[in-house]
Amino acid sequence: MTANAISVRDVEVRLGGATVLSDISFDIRESSFVAIIGPNGAGKSTLLKALLGLVDTSRGTITIDGIAPRDIPAAWAGYVPQVKALDRDFPALAIELVATGPHARWPWRLGAEARAHALEALELAGAKHIADRPAGRLSGGELQRVYLARAFSREPKFILLDEPAAGLDVAGEADMYHIIESYQRKHRATVMMITHDWDGARIHASDVLLLNRTNIGFGPPDTVLNDQTLLQVFGHKGHTHPKTEGTRHD
Ligand SMILES: Nc1ncnc2c1ncn2[C@@H]1O[C@H](COP(=O)(O)OP(=O)(O)OP(=O)(O)O)[C@@H](O)[C@H]1O
Ligand SMILES: [Mg+2]
């Protein structure tokens with residue numbers, strides 16, 4: 001076990017002939033909850049894919065517990081991808097979608113043991129009650145929970161989430177943070193989550209990676225998410241309201 005769960009050194013990623021990420025360096029301690037924040041097209045999803053070994057780096061090194069992304073055991077990482085649209089006629093039940101997590105193949109015939117395991121993961125994600133609903137008919141928020149359950153189903157020590165709160169209502173979002181943090185405590189998991197929710201990141205993340213094709217800042221939320229860095233990255237300081245400004249993060 002290395003001191004840092006995830007180590008990224010001078011990483012560059014090129015896609016389709018263009019440099020999408022350059023000079024990315026940061027270290028993540030075990031059991032951290034890191035929020036990745038940045039504008040659309042900043043390379044956030046690309047960075048998660050590089051950490052998972054789904055895209056190659058053209059320079060630099062990434063190690064996960066000392067191992068290169070392409071060599072990490074599949075069970076180490078649970079991934080919730082950004083695009084979650086599912087054809088309405090996709091012939092799978094919610095629970096079958098979860099059960100493909102540990103096996104990464106389709107079609108999947110659900111045995112009693114796999115079903116019990118998938119049900120546990122669904123329960124953790126607050127979605128046990130929708131286990132036997134057709135996956136294509138679930139609402140956006142319900143489907144998010146199913147994908148969360150799928151990521152948990154391997155009991156991974158790394159959880160990589162690409163905008164998991166997208167489409168969730170306020171209660172669903174709070175629930176999602178609770179679910180992730182409970183899992184994290186139980187398994188001492190390291191979590192990286194892409195989000196556009198600055199306030200959620202301030203409250204829940206131990207560190208924030210502010211990204212815009214390169215890393216602009218990395219560290220505790222209060223240090224990184226200051227007006228100056230946000231203006232630099234977004235040209236904007238976020239939502240403010242005269243009545244709540246200054247007190248909204250209390
Ligand atoms: N396979 C690819 N080939 C060429 N360019 C790509 C590819 N994938 C992504 N890109 C480009 O890389 C840039 C970063 O994309 P990425 O999806 O990582 O951004 P993001 O920060 O996740 O944005 P969003 O907030 O919109 O999800 C974009 O300009 C995108 O068009
Ligand atoms: Mg993205």
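## About the model

This is a predicted model, in which local features need pLDDT of at least 70, side-chain atom pairs count only at pLDDT 80 or more, and totals for chains, interfaces and linings use all residues. Residues are numbered from 1 along each chain as its sequence is written, while chains are lettered from A and ligands numbered from 1 in the order in which they are written.

## The chain as a whole

The chain has eight helices and nine strands; these are DSSP runs numbered from the N terminus, with helices (H or I) of at least four residues and strands (E) of at least two. Of its 250 residues, 37% are buried. Buried stands for 20 or more other C-beta atoms within 10 Å of a residue's own, exposed for 12 or fewer, and partly exposed for values in between, with C-beta atoms placed from the backbone.

## Around ligand 1

The shell of ligand 1 includes Gly-41, Gly-43, Lys-44, Ser-45 and Thr-46, where a residue is near if its C-beta atom, placed from the backbone, lies within 6 Å. Helix H1 (residues 44-51) gives the largest share, three residues.

Most residues other than glycine have a negative phi. Asp-23, in strand S2 (residues 18-29), has a positive phi of about 50°. Asp-23 counts as exposed because it has 12 C-beta neighbours inside 10 Å.

Arg-213 also has a positive phi, near 70°, and sits in the loop between strands S8 (207-211) and S9 (215-219). With 18 C-beta neighbours inside 10 Å, Arg-213 counts as partly exposed.
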